[in-house]
Amino acid sequence: MAKEPLLSARDIEIEFSLRGKILKAIRKCSLDLYEGETLAIVGESGSGKSVFTKSFLGMLDANGSITGGSIVYDGVDISKYKTEKEWLTIRGKKISMVMQDPMTSLNPLKKIGKQIQESIELCQGIKGEEAKKLSIEMLKKVGIPDPERRANQYPHEFSGGMRQRVVIAIAVACRPQILICDEPTTALDVTIQAQILDLIRALQRELNMTVIYITHDLGVVANVADRVAVMYAGQIVEYGLVNEIFYDAWHPYTWALLSSLPQLGVKGEDLPTIDGTPPNLFYEVKGDAFAPRNQQALAIDFEEEPPFFDVTSTHKAKTWYLDPRAPKIEQPKSIKMLREKMRK
């Protein structure tokens with residue numbers, strides 16, 4: 001992509017202070033985000049997906065801070081913001097987030113309409129009756145039937161899928177440029193999941209938003225993403241166009257994730273699992289963080305951290321497998337099977 005990125009994160013480091021120890025949650029993570037695209041960030045729980053993207057809005061927990069790198073948005077390095085006043089010029093108005101649990105995202109003591117109205121008043125500067133009218137329009141836009149009546153109800157009177165629609169309405173009420181969706185369908189059943197994904201897609205087209213999905217569900221990724229970034233142990237280890245990641249992945253962690261897709265299951269056989277556990281980020285990681293869990297790890301994987309190697313101009317992987325000096329390692333059969341299945 002030759003165009004300028006909308007947001008550019010470079011070598012971001014994020015640390016948390018926990019019980020007198022320092023946890024390095026994000027380790028020199030870089031990412032470019034382009035206008036109008038849908039980027040999916042995937043990886044198992046604890047890989048740093050949510051922490052990394054929360055740093056774009058100043059939503060890190062009180063014991064967390066950005067200790068290195070830059071996040072350039074609209075010509076400004078927002079990683080240097082320190083005060084809530086500075087972050088409020090971005091959060092909601094320019095970059096907004098949909099959390100994964102709609103029940104904890106909503107105030108149980110406030111009517112739904114009022115919660116959307118507050119978002120409109122804060123970001124758009126519209127007050128009173130006009131803001132109330134816009135909040136009802138937002139409910140209608142996200143597919144809530146009978147919005148005038150529903151605006152006067154409380155969160156507990158809504159189903160899980162309806163609550164998620166309300167959370168999306170609050171997030172997009174300010175018409176942000178970037179919408180971050182943190183596991184937006186995790187707590188929902190399959191049919192409601194599809195409806196929520198369709199809704200986000202429709203709003204993205206209508207409001208010309210750039211969307212980041214944070215998920216561990218590769219089925220969701222295949223349906224919605226233009227590009228995919230794979231995270232492991234606080235780093236992006238591979239990124240590329242969605243077809244490149246599904247058809248021609250090269251990082252052994254990406255292989256492990258794809259191999260455990262239910263679609264690749266063989267009747268009567270167990271699905272593959274990833275042995276071992278992620279590294280303890282209280283301690284310095286030596287070499288490739290995934291090496292202890294990789295049965296085909298090279299000797300250098302335990303000694304030296306790999307750089308990014310180009311697979312194509314849009315696809316890079318952080319693995320020594322792609323070094324010209326490395327022994328030739330074949331992609332697993334499961335990746336070749338996936339390629340065949342997805343092409344049919």
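Student: How many cavities of 30 Å³ or more does a search of the whole structure find?

Tutor: Two. This is a predicted model, where local features need pLDDT of at least 70, side-chain atom pairs count only at pLDDT 80 or more, and totals for chains, interfaces and linings use all residues. Residues are numbered from 1 along each chain as its sequence is written, and side-chain values use heavy atoms, with hydrogens and water left out.

Student: What's a cavity, then?

Tutor: On a 1 Å grid over the protein atoms alone, a cavity is a set of points where a 1.4 Å probe fits but cannot get out; lining residues have an atom within 4 Å of a point.

Student: OK, what lines the second largest cavity?

Tutor: Val42, Leu218, Val228, Val230, Ile245, Thr254, Leu257 and Leu258. Helix 11 gives the most, with three residues (helices are DSSP runs of H or I, at least four residues, and strands are runs of E, at least two, numbered from the N terminus).

Student: And how do those residues divide by class?

Tutor: Seven are nonpolar, one is polar and none is charged. Here Ala, Val, Leu, Ile, Met, Phe, Trp, Tyr, Cys and Pro count as nonpolar, Asp, Glu, Lys and Arg as charged, and the others, Gly among them, as polar.

Student: Switching topic: how much space lies in the largest pocket?

Tutor: About 690 Å³. A pocket is an open set of points with protein on both sides within 12 Å along at least five of seven lines, and a volume is the space filled by probe spheres set on the points, which are joined across faces, edges and corners.

Student: Which strand gives the most to its lining?

Tutor: Strand 2, with eight residues.
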